[in-house]
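Welcome! Here is a short briefing on aromatic rings and their neighbours. Have the chain open in your viewer as you read.

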Amino acid sequence: MGIVKLAYFLHASVFVVMSTWTEPTSYHRYGDVTIAGMFPLHRTLVRPDNYSLLIEPVVPTCTDYLFRGFRWMQAFLFAIEEINNSSTILPGLKLGWKVYDSCDSAYQSVSQALDIVNYNVSNTRERVKVLVGPTSSSNSIAVANILGVYDIPQISYGSTTRTLSAKIYNSFLRTIPTDRDQANAMVGLLHFYNWTWVGVIGSDNEYGRQGLATFKQVADGICVEFEEYVSEDLSKSKLTNLVERIRNYNATVFVLFMSGTEIKVLSETLKERNVNGKIWVASEAWATSRSILESGGSVMHGTLGIATRGGAMDGFRTFLEHVSPFAQPQNPFVTEFWEKSFKCDCAEEICPAPAPNNIREDSTPRSSCSGKEHFTDISGNGYLDWTPSELEKSYTTYLAVHAIAHALEDIMNCTEGSGLLKDGKCPDIDNLQPWQLLAYIKQVKFSSPGTDENFGFDANGDPNATYKLVSWFPLRMANGTFSDDVSYQHVGNYSKVRGYMWSIDSGAIFWKDENGTQLTDQVPSSICSPPCNPGFYKVNLASDCCFKCEPCRAGEYTNASNMPVCSKCDEWEMANSERTACIPKPEDYMRWNDAYGITFAACSTVGLILVIFTAVVFIRNRNTAIVKATNFEISLLLFLSLVFCFITPFVFIAKPEDWTCRTRQVSFLLSFTFCIACILVKTLRVLTAFQATMPLNSRKRSRWLGEHLQILVVVLVALVQGIICVAWLLISPPKLERIYLSSDWYHRTDPDRILFICDSGSFPLMMVAVAYLAILAAAAFVLAFRARKLPENFNEAKFITFSMLVFFIVWLSFIPAYLTTRGIMATAVYCIGILASTFGILGCIFFPKLYIILVTPENNTSERVRSATVTHAFRAASKSVIYRINADKKSTTTSGIGESPCPSPSLRSGMISPSPCATKVQRQSNPTPSPNPKRGHSDSDNKNGVSIEINGKMRHRLTTPRELPNEDSNIQSTFDVHLQVNVASSRKLSDVSVNSNGENRRSDDELSQPSKSSYNAYDQGSPSLNKSGYQRVPTNEISYPVSNENG
């Protein structure tokens, strides 16, 4: 509302205070639709009364003529004339114009805006429907505040401030990119050459301050410490001080966001102080301004201008060349232009249009103008002395007129129901309102003349941003030195549509050093400190623009240059050696290609080969005595379990996963449970055969020791463990777990690691499974230890004892070793335990039998089995007999001679009936044997005893309670379930010894009648009667049948 009130107040003041305001000078020709234009034909506005109020205010006058402004005006007129003469666009509709000289002043611009409003209110025919201009942003803001009240469209060809993109300036549009787009292009240029430390200087007005503010907002990675503003009326001392600061500042590149007036003031002082060695980045306002060369000269060589990209305007140069007082007799601005161009005075008859009341800049007498002067006679005025790269604002002016024309054409081609107005209505071209035209201009889309791009406005009234990079390349004179004049080399392009990217030909740019000498191929640098490469971070020093680079710490990284801090890797990652990225931490597990993996895989393979080899040997020799004696079927099951035991270490190699964690535990428990069950059944078989406490008939023995029952026992024992494992897997199975190991724990020189372990899941169920296996192993060990001296199956019980002893030693050693290691070492300990215990079982149980089968096959016979059984029987019988005789002797000694509490065995039918004290002699009793040489005893030593020698290795002295009746008496004993032994005795019992082979041994000095000695070893399941007709009784019930030759 404040702006509206201001506009009405200004509008009313036009008519109330007529003495202080005069209608501005304009060049006009009205048409069906009239377009106004504001162009800066002068740079400066002067009030002759110096704004004094002592007298009546005087109308300001303009000075400091600007040829480029006149060229922009002619581009406006050229576009209108081109459209009016076209048969393809707006046929039957004539465009009119009304152009003003804004003098690049807000004062003049506001006055001319009020004039436009005045004609729109009062005169229908001369109403202006749209305005093109003004040039500068500050002037456009002032005008937009007025025209916006009446919704009169305004299209600027040179205003770039982002302020005008605000919604409040709804009627404002532009054909030139905004300062934000320009700032992005500048920052892109600085990044392209890695110029990270720059100074910035701006005009002390809306254009400069807004431009620099936008530049600093988007200048990511660019350090800006030097920032100054220059105004047109800045004092000389301050300008000199500023220039010296620029010289001494060690940044090479300066961004100048300035308009033509301010840069001209600054460049004059730079030239006076001879400031070279700097690279000036020019904003679009003066990117191709030749007037700067007049004031700055060589110090501006090498300037890089960010200019808007123009297009081809066919016939424009010819149009400019034909401009003259005769071609535009009604144009009041041609008179001053002609006089300034040819430095002559144009009389009224030559220049009939009254010229504005401007101040003449010199009083030198001049000749009269003829009106026939030609532009080839002059140079350096900026009107025709240009290249196509310098026509950017001429083109944006030309483009603004074409945008209006295409909007009008859309209105003319509009059909009811499809229009942009409410309910699809179309505007009336004969009674067109400014706001209706504004609606169509906002939606206009067309191909830009002379280019390959489409043009249109966005929601803020801004166009697509396209720029070109212009290098101020000095012209070389005949003597080889550079002149002050330059050529504008088009060296690069930039497009917002194509991703804010520059494409630049650096070789075509003029680079210079601090002495102004051209550099060939070296791009100047503008940095305070070398950039911090990825892997380092910046540590700021006293100046924010200067820093030092520090490497990132362990576990941190930077992947871009000049990063202020290092980023941390997540828990399972680590920084690479360059600290430029995060990589997975080393994973600690056993691999196939490391030493542990190769070793354990090789050992497991060797074990599998040995098991298979042993199994094949047993199968091929299954009909031999030793294989039969070892229970062939149970041995095959044991081989199978050993195969799975050797396969288990393979599951520990390679990266663990959930399924391998489950397989490890289950495979270990089931395979060893199956193995121990087989060993347990083997041990029970031996004990059942030799240590039964009551006699069994052959059918019952066969049923108890039958192969099918043994296999069933193995399966049942393993099935219990299987049920435990299934419950474990269903309730809380083992799973993979990752654990972080720091280098301090693992090894100080190694990086941090990720340990892959298998979590046990349900610990109670795991302990139940392990405890069950331990109980089976303990039972097998205890039973095997008890049966270690039994001769069954070639001393198999003894070898089973050794294997279980190895098993317990390995796994008891495993517990502390496993608890004190982690990572791959813990896995290695696990594998060592599995392999060592498996090799122990295989070696202790099967290798001795393998040795007999392959190396000593003569021992692999049934006789060998019987011999071992007889040997064991003699040893057991001798212990029992010795214990009984000693017991009888003690009883006799205690009761007195001739009186014995235990009667002697009675002689009945050739047999000695058992004494009551002779029954149930305990086998566990073991009288101390006395060593005896291989020869027989002397008479003195053997008066009252009987000697039994077994295999020449064992001799026991049997002391009888009384002397036998005569030397021919025979002592006969039957023991165990397999054996009957007849022991002969002479008168001197000590002279007779019997070996296990049934041979009588006598002393050399006294030879008695040979006694009869015989034994009979029976196979399992043989009848219970021996050759003499005696019934076999258990070893704990021993009788002494005696036969005497005298009856």
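**Rings and their partners**

Lysine 538 lies over the face of phenylalanine 547, 4.8 Å from the ring centre. This is a predicted model, where local features need pLDDT of at least 70 and side-chain atom pairs count only at pLDDT 80 or more, while totals for chains, interfaces and linings use all residues. Residues are numbered from 1 along each chain as its sequence is written, and side-chain values use heavy atoms, leaving out hydrogens and water.

**Charges over rings**

- A charge sits over a ring if NZ of Lys or CZ of Arg is within 6 Å of the ring centre and within 35 degrees of the ring normal.
- Arginine 209 has its charged end over the ring of tyrosine 229, 4.0 Å from the centre of that ring.

**Aromatic pairs**

- The structure holds 47 aromatic pairs (rings of Phe, Tyr and Trp, the last by its six-membered ring, with centres within 6.5 Å; planes under 30 degrees apart count as stacked, over 60 as edge-to-face and the rest as tilted).
- The pair of phenylalanine 39 and phenylalanine 76 is tilted, because the ring centres are 5.5 Å apart and the planes are at 55°.
- Both phenylalanine 39 and phenylalanine 76 are buried (under 20% relative accessible area; exposed is over 50% and partly exposed in between, with a 1.4 Å probe and protein chains only).
- Phenylalanine 473 and phenylalanine 510 pair edge-to-face, with 5.3 Å from centre to centre and 70° between the planes.
- Phenylalanine 473 is partly exposed at 23% relative accessibility, whereas phenylalanine 510 is buried at 1%.

**A cluster**

- One aromatic cluster is formed by Phe652, Phe668, Phe672, Phe781, Phe807, Phe808, Trp811 and Tyr830.
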